[in-house]
Amino acid sequence: MQAVIASDQKSGVGGLSVAEVPYPHAAENDVIVRVHAASFTPGELDWPGTWSDRAGRDRAPSIPGHELSGVVAELGYGTTGLTIGQRVFGVADWTRNGTLAEYVAVEARNLAPLSGGVDHTVAAALPISGLTAWQALFDHGRLAAGQTVLIHGAAGAVGSMAVQLALDAGARVIGTGRARHADTVLGLGAHAFVDLDRHRLEDLGEVDVVLDVIGGETLDRSAKLVRSGGVLVTIAEPPRVMPEQGRAIFFVVESDRECLVRLERRVRDGRLRPPGTSVRPLSEAVAAFGSRHGAGKPVILIAADDLGRIGARAEGH
């Protein structure tokens, strides 16, 4: 089968190529998914799990990418809850071969059913951003209706999802970013927008929850904004400055089938809009890794019967 392989950590994007690789093996409780669309995080070539397994053993060359949408092609021994031919989406393990391939082996618990009304390219952009936003706001931030949340980077993949989820939960939402992001954030329904280049965070007053995706000075200054009993949640780096009477949490997203189901239901019902996507075929995946993704979250369309849609979209524009 065809896949993107990462062969040399020191070479970064230069060590990526599209090549023929063996069909994956379905271990116990695994499924093999025929991948229709996949997404990746540009920084994952720097992640330890890209290059070594859970025991620390070198596993290069490896296949990057951790988000996918596709169809179950095979069930491993003991696998329950999914069936062959079922549409699914979800997250591949950080320390196993990933989703930028025609087929991938994934633990069944990391996948959720995908309804026919949600396109594979939409579903592939949903898992990591959606899970991160959900876990930050509700699992760690304990955000509730009537509370106020400050979301840094509110126009980004995680931030835009968090804005929508917080609003859906009945919270008051303040988003931050650069001036060019104001229309996007306010268009999502945020109650207010703060330009980080022009406005002082300290003038905002206290909030119940801060969600930070930026780190650095923005993270440090945000600690003072957390009211008594509130929470500062960050995915950027461990916080150096703690709220005086609140909590501070740094976390790494985890797969959660029940949460994926909740996210998919909201997308299907029109209550949640995943990040915009920049779609390319597998043959252009290496170029996608090396490009800037201001036009949207990178999604690689892989299944041969879906590839014609890229050209159709281009002609439509």
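A residue is called buried when its relative accessible area is under 20%, exposed when that area is over 50%, and partly exposed in between, using a 1.4 Å probe and protein chains only. D30, at 1% relative accessibility, therefore counts as buried.

The views below show a predicted model, in which local features need pLDDT of at least 70 and side-chain atom pairs count only at pLDDT 80 or more, while totals for chains, interfaces and linings use all residues. Residues are numbered from 1 along each chain as its sequence is written, and side-chain values use heavy atoms, with hydrogens and water left out.

**View 1. Confidence along the chain.** The pLDDT, which is the predictor's confidence in each residue from 0 to 100, has a mean of 92 for the protein chain, and 94% of its residues reach 70 or more. Over residues 311–317 pLDDT stays under 50, and for this stretch the model has 3 contacts (heavy atoms within 4.5 Å) beyond four places in sequence.

**View 2. The surroundings of D30.** D30 is placed in strand 3, residues 30–39, where strands (E, at least two residues) and helices (H or I, at least four) are DSSP runs numbered from the N terminus. Leaving aside neighbours within four places in sequence, the residues in contact with D30 include H25, L75, G76 and T79. The side chain of D30 also reaches the backbone nitrogen of E107 at 3.5 Å.

**View 3. The pair D30 and R96.** D30 forms a salt bridge (a side-chain nitrogen of Lys or Arg within 4 Å of a carboxyl oxygen of Asp or Glu) with R96, and their closest N and O atoms are 2.7 Å apart. Because D30 lies in strand 3 and R96 in the loop between strand 5 (87–91) and strand 6 (103–107), the pair ties together parts that are 66 residues apart in sequence. R96, at 27% relative accessibility, counts as partly exposed.

**View 4. The pair R221 and E202.** R221 forms a salt bridge with E202, with the closest N and O atoms 3.2 Å apart. Since R221 lies in helix 5 (residues 216–222) and E202 in the loop between strand 10 (192–195) and strand 11 (207–212), the pair ties together parts that are 19 residues apart in sequence.

**View 5. The surroundings of L260.** L260 lies in helix 6, residues 257–268, and counts as buried at 0% relative accessibility. Beyond its neighbours within four places in sequence, L260 is in contact with F89, G90, N110, A112, P127 and L131.

Note on methods
Polar contact = N/O pair within 3.5 Å; in protein donor to acceptor, adjacent residues only side chain to side chain.
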